[in-house]
Each structure stands twice: as structure tokens, then as C-alpha cells.
Amino acid sequence: MSIAVSAPLTSAAAATEVAARGRFLVFEGIDGSGKSTVARTMHERMMAAGRPSVLTAEPTESWIGDMVRRGNKEAASPFTETLLYVADRAEHTAQIDKWLNEGKNVVCDRYVGSTLAYQAVTLRPHLGEPAREWLRSVNAPFTLRPDVTFLLLLDPELAMERLGSRPGREKFEKLDFLRSVDEEYRRLAEKDGYVIIDAARPLEQVAEDVWNIIARM
Ligand code: TMP
């Protein structure tokens with residue numbers, strides 16, 4: 001399948017020649033931040049308001065998404081894992097671009113920010129600091145710039161509690177990992193202008209805040 005996206009990092013909003021192009025809304029956050037619930041709520045509210053909306057997520061439900069999940073289960077190398085996420089995104093972006101051109105809003109649970117945050121952490125031991133720039137350039141040819149990226153921030157310890165994981169060595173490893181991902185996300189938020197949402201509050205309140213921002217758009 002060919003990639004329908006012609007220019008790297010095209011702004012979804014900048015495509016003014018197609019007046020009815022939809023908005024591209026992305027939700028990012030560490031595991032347990034509640035972003036999937038909030039993304040689904042936003043999709044449902046838009047539909048209820050009569051705005052066509054598509055709810056989608058990465059890893060996708062496609063066969064490449066299945067490969068990503070398989071790669072995770074079989075502990076593939078961090079490079080293989082990264083390239084699988086990127087392959088999944090290449091196909092997904094072409095589909096997202098189509099939906100946007102059909103005038104649908106697209107609500108996406110994880111997008112390029114997830115690779116820039118999580119894989120910066122997994123690749124740093126192999127590539128050092130240049131991991132961040134390498135990840136940006138690998139993603140650039142098939143990444144659309146979202147109209148808005150919401151970053152749901154939650155203390156990694158609270159996120160772990162929400163995830164309900166048991167105490168033990170694995171838990172501390174995971175907590176350490178999520179702390180590093182959280183740091184990457186905060187850095188990205190500053191650099192790429194993510195909208196920061198305090199996700200430590202009840203999810204209904206979080207959803208209300210996000211909805212108010214979307215409604216203003
Ligand atoms: P999920 O729990 O939101 O479905 O995400 C699955 C896991 O995949 C989560 O731990 C984050 C990870 N992930 C990455 O590491 N890089 C990526 O690019 C994406 C999309 C997900």
C-alpha cells in the first residue's frame with residue numbers, strides 16, 4: 001500500500017485547500033494516565049454533538065499492530081520494536097489522512113509522541129542522547145502534525161497504583177521506566193507545544209477540561 005501523505009510533518013489544520021478537513025486530536029501519557037478513557041469520552045461527545053469522529057489508537061488493530069504486540073511479547077530488540085511501531089504508524093498515518101480529508105475528526109490514543117518518549121528511553125543505552133533526533137527523523141516522512149496533542153500527566157507512582165500491579169522487582173523496574181518516560185514527555189511538551197492536563201484528578205473532571213478546550217477549537 002502506498003503512503004498517501006505527500007509532505008513530511010504537514011499541519012492537519014494547514015490544509016486550507018480542503019475546507020472541511022477534520023481535526024486531528026492526539027492523546028498521550030504514561031500507562032495508567034487514563035488517556036484511553038478520556039480519548040473515548042471525547043470521541044463519544046463529538047459524535048453526540050453531531051461531529052463525525054473516528055476513534056483510533058496505536059498500536060493499531062491491523063496486522064502490523066499485531067506484529068508490534070508480538071514483538072513486545074517476544075522481547076524483540078529495542079531497534080526491532082521501534083521500527084515496528086514506526087511501520088505501524090506509516091500505514092496508520094495514511095488512513096488518518098484519508099479520514100481527515102473526508103471531514104472526520106480523528107481522536108488518536110497514542111501517536112508519534114509515544115515513540116519519541118518511550119523509545120527515547122529504550123534506545124538511549126544504545127544510541128545515547130542522539131536517540132531523540134534519530135527517532136524524529138525516522139518518523140518524519142510519515143507523521144502528520146496533530147492539531148493538538150493532549151498530554152495527561154500523572155505521577156508514575158499513582159499511575160502504577162491505577163494499573164494495580166503487584167509489588168516486586170518487576171514493579172520497581174516498571175516504575176523506574178515510567179519515570180524516565182514521564183521525563184521525556186515533559187521535555188516533548190515544552191518543545192512541541194503539547195497541552196498539559198493534570199490527570200491526577202477524577203477522570204470525569206479531566207474529561208470536562210479537555211472537552212472545554214476541544215469545544216473552543
Ligand atoms: P497502550 O497501553 O496505550 O495500548 O500502549 C501499549 C504500550 O505500547 C504502552 O506501554 C506504550 C507502548 N508504546 C511505545 O512504546 N511506543 C509507541 O510508539 C506506542 C504507540 C506505544
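**A buried aspartate and a helix pair**

A: Asp-109 counts as buried, because its relative accessibility is 10% and the cut-off for buried is under 20%. The model is predicted. Asp-109 sits in strand S3, which covers residues 105-109.

Take its polar partners next. The side chain of Asp-109 is joined to the side chain of Lys-35 by a polar contact of 2.8 Å. A polar contact of 2.6 Å links the side chains of Asp-109 and Ser-36.

Now the helices. Two packed helices are described by the angle between their axes and the distance between the axes. Helix H3 spans residues 78-101, and helix H4 spans residues 112-127. Their axes come within 10 Å and cross at roughly 160 degrees. H3 is therefore roughly antiparallel to H4, since angles over 145 degrees fall in that class. The crossing of H3 past H4 is left-handed.

Which residues make the contact? From H3 come Pro-78, Phe-79, Glu-81, Thr-82, Tyr-85 and Arg-89. H4 supplies Val-112, Thr-115, Gln-119, Thr-122, Leu-123, His-126 and Leu-127. By class, the contact of H3 with H4 holds six nonpolar, five polar and two charged residues.

Key: Residues are numbered from 1 along each chain as its sequence is written. This is a predicted model: local features need pLDDT of at least 70, side-chain atom pairs count only at pLDDT 80 or more; totals for chains, interfaces and linings use all residues. Side-chain values use heavy atoms; hydrogens and water are left out. Axes are lines fitted to C-alpha atoms, for helices over the stretch in contact, and angles run from 0 to 180 degrees between N-to-C directions. Helices (H or I, at least four residues) and strands (E, at least two) are DSSP runs, numbered from the N terminus. Angles under 35 degrees count as roughly parallel, over 145 as roughly antiparallel, 65 to 115 as roughly perpendicular and the rest as oblique. A crossing is left-handed if the near helix is turned anticlockwise from the far one by less than a right angle, and right-handed if clockwise. Contact means heavy atoms within 4.5 Å. Ala, Val, Leu, Ile, Met, Phe, Trp, Tyr, Cys and Pro count as nonpolar, Asp, Glu, Lys and Arg as charged, and the others, Gly among them, as polar. Buried means under 20% relative accessible area, exposed over 50%, partly exposed in between (1.4 Å probe, protein chains only). A polar contact is a pair of N or O atoms within 3.5 Å; within protein, one must be able to donate a hydrogen and the other to accept it, and residues adjacent in sequence count only if both atoms are side-chain atoms.
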